[in-house]
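Please consult the sequence and structure shown here.

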Amino acid sequence: MITTHDVERILREQGLLCRADKNEEAAPVTWVTCDSREVIPGTLFICKGAEFLPEYLLEAVAYGCIAYMSEERWGTPKTVRGFVVKDIRRAMAVVSAAFFEYEPEALKLTGITGTKGKTTTAWYLRAMLDEWQQEKGKKKTGLISSVENFDGSSRSDAVMTTPEAPVLYELIARVRAAGSEYMTIETSSQALKYHRVDGLHFQVGIFLNISEDHISPGEHRDFEDYFQSKLSLLRQCGTACVNLDSDYAQQILKEAQKAQRVVTFGQHHEAQLRYRILPEKDGKQTFEVTCPQFTEQFSLKMRGSFNIENAVAAIAAAQVYGVPVHCMQKALAETTVPGRMEVFESGDKKVCAIVDYAHNQLSFQKLFQTVFQEYRSFHRIITVFGCPGGKALNRRRELGVLAGMFSDYVYVTSDDPGMEDESRIADEVGSYVEMAGGACDCIADRRIAIRSALEKAGSGTEKTLVLVLGRGSEKFQRIGRRLYAYPTDANIVRELMAAH
């Protein structure tokens with residue numbers, strides 16, 4: 001446990017402290033949080049974010065916080081000590097690391113970044129590590145992903161890809177306390193840019209791919225800012241695993257030299273782990289990996305040729321840790337990920353619905369490429385998707401154009417509209433669909449949009465694919481400033497198809 005004196009010392013040592021309210025007595029800090037609803041007596045409350053309101057601090061004081069940390073001074077009772085810092089996000093990370101007693105070598109962390117594929121790669125790697133650990137009679141491994149988090153004993157729904165520093169360090173501490181030895185962490189560009197993962201040492205860092213995304217005033221000002229944020233993961237890892245098939249691979253490799261070791265993977269002839277795709281076997285995708293340690297065949301339970309690339313990334317990291325090949329093979333043959341390439345077929349096999357998290361330009365391109373290759377007997381494609389409000393503004397044009405080019409019909413609907421009007425977003429996206437020559441309908445209610453797509457698919461005589469994209473297994477929609485519970489796309493599709 002740390003005290004308020006420790007907080008002052010840590011901030012001063014890191015060069016982050018601007019001023020601290022005087023207090024001769026060192027009060028024990030019982031909790032650290034930036035959510036006023038989670039304050040308990042003895043809490044250090046962190047005032048952060050563009051949407052922070054003074055009322056949150058007043059609420060924290062009412063619940064018993066003994067100190068706050070902020071980039072500006074607030075009026076509080078004398079019993080509540082204030083720490084004014086230069087950078088609240090950096091300060092949040094270093095204090096969280098101290099409070100939760102983070103030790104770099106106590107738990108082997110893998111960080112995974114990239115524009116697409118982070119979640120599937122994380123689940124693949126976690127499954128390989130679990131298979132290996134259980135074979136040795138040890139605990140399952142930890143996971144932080146955009147689908148769920150696992151702390152070694154319990155699972156919880158994820159609210160964001162990589163949590164804020166207090167939550168992140170708490171989860172790491174729980175995994176360690178549960179007796180686990182490994183933890184796999186999806187590491188978003190926002191987490192890297194806004195210092196959520198500051199202070200962490202990743203034994204392995206995986207760089208999957210890069211394309212333009214998350215460009216908006218509240219995220220990244222331009223592609224270079226986005227790219228540099230992603231690259232910063234490689235400065236925090238011992239071994240960097242790099243996809244040689246990625247765009248900008250040479251620039252990524254140059255940055256990876258800052259790690260102690262570099263492992264490359266891909267179909268590229270210079271990759272240390274090279275793979276080639278083999279014919280399907282027993283209805284499963286099959287591929288072969290060749291590296292200095294082995295040449296072996298693997299199969300995937302999940303559809304989508306792009307998932308082979310994710311699997312090879314996980315194999316690269318698992319090989320660094322020394323996971324036996326048979327554990328890798330078993331994990332890949334059995335693992336599926338909620339909301340990723342989930343397939344639903346009608347009883348007469350005329351309609352096939354695919355639910356996938358594809359939500360940016362690169363993932364749309366890969367998905368359409370996959371369905372054209374793997375679902376050739378289907379002659380029509382109907383696509384349902386939306387774009388978020390207030391962020392990733394480039395998606396509206398990029399996804400609208402791609403959907404318009406490759407779909408026979410498009411339903412544009414809601415997807416986390418936030419502070420924007422969902423109908424206005426849909427109309428804007430729809431204009432790009434039509435610009436690309438596509439036919440579309442804008443239906444703000446996501447359930448009605450999906451139902452309309454399935455009804456349209458079922459009314460024709462041709463075999464039809466319905467692609468429901470963008471949300472995958474997400475259970476909430478951000479409307480206004482709040483998160484509202486919302487059924488997953490998979491649940492909506494399953495229910496509607498069962499009814500027909």
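Q: What makes up the lining of the second largest pocket, by class?
A: In this predicted model, the lining has 6 nonpolar, 11 polar and 4 charged residues. Ala, Val, Leu, Ile, Met, Phe, Trp, Tyr, Cys and Pro count as nonpolar, Asp, Glu, Lys and Arg as charged, and the others, Gly among them, as polar. Local features need pLDDT of at least 70 and side-chain atom pairs pLDDT 80 or more, whereas totals for chains, interfaces and linings use all residues. Residues are numbered from 1 along each chain as its sequence is written, and side-chain values use heavy atoms, without hydrogens and water.

Q: Which residues of the lining lie nearest the centre of the second largest pocket?
A: Of the 21 lining residues, D245, F306, E309, K366 and Q369 lie nearest the centre. The largest share of the lining, 7 residues, comes from helix 11.

Q: Why is helix 1 called oblique to helix 3?
A: Helix 1 (residues 4-13) and helix 3 (residues 88-99) pack at an angle of about 130 degrees, with their axes 10 Å apart. Angles under 35 degrees count as roughly parallel, over 145 as roughly antiparallel, 65 to 115 as roughly perpendicular and the rest as oblique; helix 1 is therefore oblique to helix 3.

Q: What makes the contact of helix 1 with helix 3?
A: V7, I10 and L11 in helix 1 meet A91, V94, V95 and A98 in helix 3, where contact means heavy atoms within 4.5 Å. These residues divide into 7 nonpolar, no polar and no charged.

Q: Why are helix 4 and helix 10 described as oblique to each other?
A: Helix 4 (residues 118-135) and helix 10 (residues 325-334) pack at an angle of about 125 degrees, with their axes 8 Å apart. The two helices are therefore oblique to each other. On the helix 4 side, the contact is made by Y124, A127, M128, E131, W132 and E135, and on the helix 10 side by H326, C327, M328, K330, A331 and L332. Their classes are 8 nonpolar, 1 polar and 3 charged.

Definitions and conventions:
On a 1 Å grid over the protein atoms alone, a cavity is a set of points where a 1.4 Å probe fits but cannot get out, and a pocket is an open set with protein on both sides within 12 Å along at least five of seven lines; lining residues have an atom within 4 Å of a point. Helices (H or I, at least four residues) and strands (E, at least two) are DSSP runs, numbered from the N terminus. Axes are lines fitted to C-alpha atoms, for helices over the stretch in contact, and angles run from 0 to 180 degrees between N-to-C directions.
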